[in-house]
Amino acid sequence: MNIYILVFLVQWLACGCCTSDVHVGYQVTVAIPIEYSRGFVGRAFLMETNQTVLNFKAAISVEAVDEKYTCSLDVFLGDVKVWSSGHLSQFYTTEKCILELTQNGDLRLKGQRGSVGWRTGTSGQGVKRLHLLRTGNLVLVDSLNMIKWQSFNFPTNIMLWGQRLSSKTQLTAFPSNSSLFYSLEIHDDKLALYLNSGKWKYSYWEFRPSNNRTITYVELTSEGLEIYNGMQWRIAQLRSKIREPPKFLALGNNSGNLGLYYYSADKGVFEASYKAINSTCDLPLVCKPYGICTFSSDCSCIRLIKRGDGLLSDCSEEITGGICNTSRVEMLELRGVTSVLSSNSKKVNVKKEVCANLCLDNCTCVAALYSPIGDDASLGECYLYGLVRGVKQIERGSKWSYMVKVPKEVDQGHGKHSGLKKWVSVVVGVVDGFVILVVLGGIGYYVVQKRKTSTQSTEDTN
């Protein structure tokens with residue numbers, strides 16, 4: 001049973017309130033439970049902005065994660081965590097979590113025995129205090145109020161109002177219980193959403209300014225996400241669909257969708273005023289591995305069946321990854337499906353069979369998408385995939401071919417291997433919530449022959 005313990009600790013500072021700055025020499029400690037308590041959250045709120053509707057708050061946090069405790073410095077807007085020191089790399093510790101602004105001006109998090117798990121690296125730069133701006137930007141400043149470090153320079157999955165991101169920077173989001181992660185990346189010519197898996201990178205949404213104009217930076221304003229060139233001219237915009245100004249832009253940790261969010265005072269919650277992706281099936285991880293998002297936005301499972309071996313996939317496991325021996329696997333072509341993911345592993349002007357063999361010869365490839373070029377279906381573009389995700393159902397008749405690497409029949413006896421399994425081509429359909437791909441060599445031929453034999457025997461008897 002989950003145990004949820006929410007501990008709010010408001011630290012008394014020099015002025016006796018939580019709106020004060022943190023000055024050099026300051027230190028605060030949050031105790032960590034001796035035993036692991038699932039769902040535990042302990043926070044010491046350090047400072048708060050003074051705004052009429054919704055305030056920003058800075059806190060040192062201890063949270064129970066994966067049988068351990070994390071220690072982090074966080075910024076909240078209402079109940080939403082909009083920045084965290086542990087976004088890219090968690091600091092795990094025991095006994096205690098300590099925030100310290102040293103006399104040399106270095107802000108750091110420490111654990112047991114003084115071990116340092118995170119720091120700003122501002123020692124010797126004249127830092128005098130830690131301050132929380134009304135924009136939610138956490139800053140270290142010197143005696144002249146010059147910023148020496150700021151949280152806006154270390155974006156997480158959220159971009160706040162007034163924040164700028166330059167070209168070549170990104171937001172990142174991490175789905176729970178997964179090694180995959182999402183990223184919003186700002187290129188010179190486009191904004192793009194990616195699903196990242198090891199060395200594999202897949203785009204699933206992009207936005208390009210018209211007339212091939214170059215992006216220098218983006219800024220979140222009251223109008224939406226505005227895109228600027230090197231002359232500081234606005235060249236494009238992702239616009240909020242309501243008049244209420246957005247409080248932040250967020251890349252969803254679980255969905256991977258990009259959205260603008262405003263605060264609804266009537267409901268007391270944040271609501272989306274813009275979403276980059278409006279169709280459920282266009283989200284890359286809406287279904288489990290080897291799942292297909294159908295026209296009804298439900299997930300159907302690709303179940304691969306092989307004679308004598310039972311079910312090879314139940315929509316949750318990788319069945320062919322790391323297999324380099326082409327004598328053991330082959331490519332199974334699926335009709336009526338495609339992938340929302342565009343792989344960075346791309347070949348052009350190749351035949352479908354060549355595309356299949358490119359995946360077979362790649363140990364990490366588990367699927368391929370072939371898209372014919374023009375009216376000539378003999379040549380096309382080939383995309384290779386290291387995972388079977390982002391698959392969705394499309395209208396039949398499409399010339400696209402989605403191929404999945406499957407274990408080969410040991411006794412099929414079809415002569416020389418050609419890469420693509422032509423003798424069985426599966427048309428995807430939904431049957432009781434499952435897409436069932438029957439990989440039984442010659443099963444159709446066997447059924448037909450059996451019926452003919454049965455009919456002939458009946459005629460002979462009559």
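A disulfide is a pair of cysteine sulfur atoms within 2.5 Å. This model is predicted, and the structure holds 5 such links.

One of them joins C359 to C365, with an S to S distance of 2.1 Å. The angle about its S-S bond is -100°, and the link of C359 and C365 is left-handed. C359 is buried, and C365 is buried too.

C355 and C382 form another disulfide, in which the sulfur atoms are 2.1 Å apart. Here the angle about the S-S bond is 75°, and the link is right-handed. This pair connects distant parts of the chain: C355 belongs to helix 1 (residues 352–360) and C382 to strand 34 (residues 376–385), 27 residues apart. C355 and C382 are both buried.

A disulfide also joins C281 to C293, at 1.9 Å from S to S. The link of C281 and C293 is left-handed, with -70° about the S-S bond.

Turning to a serine, S339 lies in strand 30 (residues 337–339). S339 counts as buried because its relative accessibility is 8%, and buried means under 20%. Its side chain reaches the backbone nitrogen of L341 at 3.1 Å. Leaving aside residues up to four places away in sequence, S339 touches L369, Y385, R389, G390, V391 and Y402.

Key:
Residues are numbered from 1 along each chain as its sequence is written. This is a predicted model: local features need pLDDT of at least 70, side-chain atom pairs count only at pLDDT 80 or more; totals for chains, interfaces and linings use all residues. Side-chain values use heavy atoms; hydrogens and water are left out. Helices (H or I, at least four residues) and strands (E, at least two) are DSSP runs, numbered from the N terminus. Buried means under 20% relative accessible area, exposed over 50%, partly exposed in between (1.4 Å probe, protein chains only). A polar contact is a pair of N or O atoms within 3.5 Å; within protein, one must be able to donate a hydrogen and the other to accept it, and residues adjacent in sequence count only if both atoms are side-chain atoms. Contact means heavy atoms within 4.5 Å.
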